[in-house]
Amino acid sequence: MKKNILIAGVGGQGILTIASIIDHAAMQQGLYLKQAEVHGMSQRGGAVQSHLRISDTEIFSDLIPLGEADLIISLEPMEALRYLPYLSDEGMLITATRPFVNIDPYPDLEALLDEIKLRCRQHLLVEADRLALEAGNPKAANVVMAGAAARYIGIDRQQLGASLTSLFEAKGKTITESNARAFAMGIAITTDH
Amino acid sequence: MTDRELLLGAEVIARAALDDGLSGVYAYPGTPSTEITEYIQQSDEARSGRVRAAWSANEKTAYEAALGMSYAGKRSMVCMKHVGLNVAADAFINSAVTGVKGGLVVVVADDPSMHSSQNEQDTRYYARFAQLPLLEPSNQQEAYDCMRYAFNFSETTALPVLVRITTRLSHSRSTIVRRPSATPNPLLPDTDRRKWILLPANARRQYQHLLDMQPRLTEASEQSPFNRITESARPSDTGIIAFGLAYNYVMETISRHKLDLPVLKLSHYPLPPTMVSGFAARFRRIIVAEEGYPIYEELFRGFFGDSRFAGRLDGTLPRTGELTPDALEKALVPEYHKTLREVPPVVAPRPPELCQGCGHRDLYDALNEVMSTYEQRHVFADIGCYTLGALPPYNAINTCVDMGASVTMAKGAADAGLHPAVAVIGDSTFTHSGITGLLDAVNDRSAVTIIISDNYTTAMTGGQDSAATHRLADICRGIGVEAAHIRTLVPLKKHHDENLSILKEEFEYPGVSVIIACRECIQTARRRKSSEHKK
């Protein structure tokens with residue numbers, strides 16, 4: 001078992017929460033893992049990404065080689081496209097569809113979505129913000145995305161859900177429950193799919 | 001693997017130091033080294049007062065304090081980013097001559113590719129310069145193991161020991177296995193004055209001692225657990241020498257492409273001469289992979305150029321920037337070609353920006369408006385979030401060189417006749433390296449306006465304590481800036497007109513003036529409010 005997952009977004013969107021759910025689950029499964037992340041200047045509203053590698057054998061590089069990512073999870077449609085050279089031929093791209101507009105001009109959203117459809121045979125577009133709102137936690141778009149990606153991560157969904165719970169336990173019952181709903185709504189997308 | 005802990009590389013360094021009986025860490029924040037000290041500050045050891053961990057004013061004061069703790073017999077660590085070692089260089093080089101008592105480990109985090117830095121200088125040069133041992137771990141577990149080795153080695157050799165990490169290792173998580181903790185050293189100050197008083201007569205003897213130690217240091221490298229050879233199954237005419245983190249990319253490529261190549265992994269300096277020359281003698285071609293400058297590739301080639309060595313100097317690997325698995329794949333498997341998906345042209349760059357609600361924004365709006373009334377429009381800026389004023393829509397600054405340079409460059413330009421001569425510097429950068437420059441300006445009565453954009457924190461690195469919050473005006477007065485020309489403003493839209501007048505008035509004053517623009521960092525303000533809310 002070996003999975004290379006690239007998580008993309010804009011500084012502050014919560015990509016590291018997705019990474020920490022997968023990290024925790026991978027550790028519970030006794031897998032090797034490496035997870036490179038971006039700290040420093042780019043965190044100020046810039047493009048950020050995390051390379052996450054999990055495997056049942058030793059992992060050497062902290063970075064995913066180009067063309068070797070099995071999965072890209074993006075919290076933003078333009079950021080989903082930025083890392084396409086990393087995506088493998090059979091790779092899956094899952095992105096939230098709501099743009100994070102902090103540059104002027106920001107590209108036309110339809111053009112971005114068309115590029116995703118054109119360039120990735122396997123893709124999934126998720127209205128993560130809407131689903132998070134429905135789940136009762138507008139901040140949980142990243143958790144929705146973790147749920148939507150769950151079946152492609154290579155780790156049992158129950159384990160991922162349990163890891164989510166244990167990471168947020170300290171934040172209290174309300175947040176834990178709304179996160180669990182957000183995660184379940186993400187999962188539901190791919191089970192209907 | 002239940003006994004494993006998941007940590008960032010930087011946190012591994014911190015965890016190891018705590019487990020190794022650390023008594024104090026000294027540091028100034030700087031990406032990618034900040035998280036080492038932050039981890040220690042949040043640890044039980046520091047919270048209970050057993051380990052000293054508050055931020056220092058700059059890397060030089062940090063280094064000297066760590067040296068003092070070592071003098072007293074205890075284990076200390078000093079952490080900094082690569083350019084921080086330039087600030088601490090005087091103390092660093094001379095501490096190689098004095099030597100140490102308690103173990104002193106100097107952790108320097110280099111930033112190849114300049115993710116958050118002005119240059120990509122390689123700390124391994126400094127280790128050669130100072131003639132001190134350096135360990136360069138290739139992964140998180142080795143970083144943990146290196147630290148224990150470094151503290152012990154520092155005490156057995158009575159020398160400071162460097163540990164060099166880079167951004168990629170510092171900011172990458174993996175699991176480690178910890179070892180049983182060591183007990184902190186008792187207070188046992190060094191009594192050998194001849195060692196510590198570097199008068200020329202003592203310094204000459206101490207320097208000779210450092211030279212005499214070198215064979216012992218290379219012998220330790222020959223025996224080091226961190227240097228090792230992995231042989232190929234069949235004889236090969238190509239060998240690889242991989243340093244530190246580069247080893248990972250070499251092994252990634254070897255395992256993915258099932259290559260059969262012998263690899264000499266080196267993580268302990270000075271290099272082991274017998275091991276390296278014995279290995280190199282066996283091959284017609286040797287690929288040298290270094291994460292940083294091609295320091296050893298250049299040495300291996302020699303001045304007259306032994307062309308058996310390939311690496312960053314002949315284009316086998318990129319001359320600049322951090323290495324990647326892709327760069328090593330190209331070097332080791334040049335015939336391999338893979339078609340990659342392309343990034344469509346519709347994707348626009350998304351550079352970092354000043355936060356919405358950041359006081360620097362309103363300061364730059366006012367500053368730009370006043371500067372537009374002058375023929376000469378030059379603003380000397382400094383290192384921090386406000387350097388982002390270089391980008392659109394502000395395009396507000398003309399320079400950013402090194403910590404504190406805004407003040408002294410504005411002074412020099414004023415001395416040359418430039419008017420207005422304006423500096424913009426953050427509160428933490430001012431206390432790090434701006435105060436002495438301001439003293440120069442006062443003594444010379446230079447016609448400068450120093451704007452301290454004060455957000456009460458060290459913001460760029462994540463909101464660490466700033467050394468003199470709410471005492472900046474007192475400091476300026478104490479240095480000799482006239483009280484009438486120490487002005488305070490609040491960079492908010494509602495004060496815009498008033499702020500324009502203050503800036504204009506001080507630009508027109510033909511002496512030293514300081515304008516302190518005070519507004520709490522929006523990030524730390526948010527965190528403060530949310531923690532107050534919880535209480």
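This is a predicted model: local features need pLDDT of at least 70, side-chain atom pairs count only at pLDDT 80 or more; totals for chains, interfaces and linings use all residues.

## First stop: a pair of helices

Residues are numbered from 1 along each chain as its sequence is written, while chains are lettered from A and ligands numbered from 1 in the order in which they are written.

Now select residues 141-153 of chain A for α5(A) and residues 157-168 for α6(A); their axes come within 9 Å and cross at roughly 150 degrees. Axes here are lines fitted to C-alpha atoms, for helices over the stretch in contact, and angles run from 0 to 180 degrees between N-to-C directions. That crossing makes α5(A) roughly antiparallel to α6(A) (angles over 145 degrees count as such). Helices (H or I, at least four residues) and strands (E, at least two) are DSSP runs, numbered from the N terminus.

Show the side chains next. A:Val143, A:Ala146, A:Ala150, A:Arg151 and A:Ile153 of α5(A) meet A:Arg157, A:Leu160 and A:Leu164 of α6(A); contact means C-beta atoms, placed from the backbone, within 7 Å. By class, this contact has 6 nonpolar, no polar and 2 charged residues. Ala, Val, Leu, Ile, Met, Phe, Trp, Tyr, Cys and Pro count as nonpolar, Asp, Glu, Lys and Arg as charged, and the others, Gly among them, as polar.

## Second stop: where A meets B

How many residues of chain A are in contact with chain B? There are 38, and they touch 39 residues of chain B. On the chain A side, α1 (15-28), β2 (32-36), α2 (77-82) and α3 (109-119) each supply at least two residues. That side has 20 nonpolar, 10 polar and 8 charged residues.

Zoom in on β2(A). It pairs with β7(B), residues 172-177, in the antiparallel sense over 3 bridges (strands pair if DSSP finds at least two bridges between them). Look for A:Ala36 with its bridge partner B:Ser172, and for A:Lys34 opposite B:Ser174. Within chain A, β2(A) also pairs with β3(A), residues 47-55, antiparallel over 5 bridges; there, A:Tyr32 partners A:Ser55. Since 4 of its 5 residues are buried, β2(A) is largely enclosed by the rest of the structure. Buried means 20 or more other C-beta atoms within 10 Å of a residue's own, exposed means 12 or fewer, and partly exposed is in between, with C-beta atoms placed from the backbone.

Move to chain B, where 6 strands form an open sheet of mixed pairing, in the order β2-β3-β4-β6-β5-β11. At the edges stand β2 (24-27) and β11 (268-269) of chain B, each with a single partner strand, so one side of each has no neighbour in the sheet. β5(B), residues 134-135, runs antiparallel to β11(B), joined by 2 bridges, and B:Leu135 is opposite B:His268.

Finish with α8(B), residues 140-157: it lies across β4, β5 and β6 (161-166) of chain B, at about 160 degrees to β6(B).

Definitions and conventions:
Two residues are in contact if their C-beta atoms, placed from the backbone, lie within 7 Å. Angles under 35 degrees count as roughly parallel, over 145 as roughly antiparallel, 65 to 115 as roughly perpendicular and the rest as oblique.
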